[in-house]
Amino acid sequence: MNVVDSSAWLEYFGDGPNATEFAQAIEAPEELVVPTLTVFEVFKRTRQIADEASALDAIAVMLQGEVVDLNSALSLDAARISLETGLAMADSIILATARSREALLWTQDAHFEGLPGVEFRPKR
């Protein structure tokens with residue numbers, strides 16, 4: 001299973017230098033877990049730079065995976081992760097979601113570098 005964080009989704013949709021690095025996770029929707037927080041972040045950022053239709057097109061791709069809502073148990077797990085690692089709330093929720101599904105987290109966000117269960121690609 002794979003979780004793709006917002007930075008990696010945006011890299012993929014923007015066809016950035018690391019887009020192909022994240023394509024293998026994104027283009028296998030049967031193995032894809034999507035935290036609702038990434039839906040929020042990707043829609044917001046895409047809508048800031050493009051029109052509503054383009055933002056909704058991106059979300060349609062994301063919704064092909066298993067969307068995981070934030071619930072109280074996941075919130076507590078995220079808080080524990082934040083206390084242990086110093087990660088901010090959003091990053092902790094995304095990592096907690098990945099861990100709850102025993103998924104590999106794909107990212108280019110340096111806050112995750114070196115954490116177990118994370119496939120980090122430096123931003124180019």
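**Figure 1. Helix α1 and the residue that follows.** In helix α1 (residues 6-13), the residues S6, A8, W9 and E11 are buried. The model shown here and in the other views is predicted. After α1 comes D15, with a positive phi near 50°. D15 belongs to the loop that connects α1 with α2 (19-26). Its relative accessibility is 63%, and D15 therefore counts as exposed, the cut-off being over 50%.

**Figure 2. Positive phi at D15 and E102.** Residues other than glycine mostly have a negative phi. D15 is not a glycine, yet its phi is positive, at about 50°. E102, likewise a residue other than glycine, has a positive phi near 50°. The loop between α6 (89-100) and β4 (104-107) holds E102. With a relative accessible area of 74%, E102 is exposed.

**Figure 3. The open parallel sheet.** The sheet is open and consists of five strands, arranged in the order β3-β2-β1-β4-β5 with parallel pairing. From one strand to the next, the twist averages 30°. Three bridges join β1 (residues 2-4) to β4 in the parallel sense. V4 has W106 of β4 as its bridge partner. Helix α2 lies across β1, β2 (32-35) and β4, and runs at about 150° to β4.

Figure 4. The largest nonpolar core has 18 residues, of which V3, L87, L95, L105, F112, L115 and V118 touch the most other members. At least two residues of this core come from each of α5 (72-85), α6 and β5. The greatest contribution is that of α6, which gives five residues.

Figure 5. Apart from neighbours within four places in sequence, V3 is in contact with V33, P35, I94, A98, A103, L104, L105 and W106. T97 is part of helix α6. Its relative accessibility is 1%, so T97 counts as buried, the cut-off being under 20%. When residues up to four places away in sequence are not counted, T97 touches V33, P35, V68 and L74.

**Figure 6. The salt bridge between R101 and E66.** Across the whole structure, a search finds five salt bridges. In one of them the side chains of R101 and E66 meet, with an N to O distance of 3.0 Å. R101 is in the loop between α6 and β4, whereas E66 is in strand β3, so the pair ties together parts 35 residues apart in sequence. R101 counts as partly exposed, at 33% relative accessibility. E66 is also partly exposed, with a relative accessible area of 34%.

**Figure 7. Further salt bridges.** The side chains of E52 and R47 form a salt bridge at 3.5 Å, N to O. E52 has a relative accessible area of 40% and is partly exposed. R47 counts as partly exposed at 37% relative accessibility. Another salt bridge joins the side chains of R121 and E119 at 2.5 Å, N to O. E119 counts as partly exposed, at 24% relative accessibility. Salt bridges link E21, E119 and R121 in a network.

Note on methods:
Residues are numbered from 1 along each chain as its sequence is written. This is a predicted model: local features need pLDDT of at least 70, side-chain atom pairs count only at pLDDT 80 or more; totals for chains, interfaces and linings use all residues. Side-chain values use heavy atoms; hydrogens and water are left out. Buried means under 20% relative accessible area, exposed over 50%, partly exposed in between (1.4 Å probe, protein chains only). Helices (H or I, at least four residues) and strands (E, at least two) are DSSP runs, numbered from the N terminus. Two strands pair if DSSP finds at least two bridges between them. Axes are lines fitted to C-alpha atoms, for helices over the stretch in contact, and angles run from 0 to 180 degrees between N-to-C directions. Contact means heavy atoms within 4.5 Å. A nonpolar core is a set of buried Ala, Val, Leu, Ile, Met, Phe, Trp, Tyr and Cys residues joined through side-chain atoms within 4.5 Å. A salt bridge is a side-chain nitrogen of Lys or Arg within 4 Å of a carboxyl oxygen of Asp or Glu.
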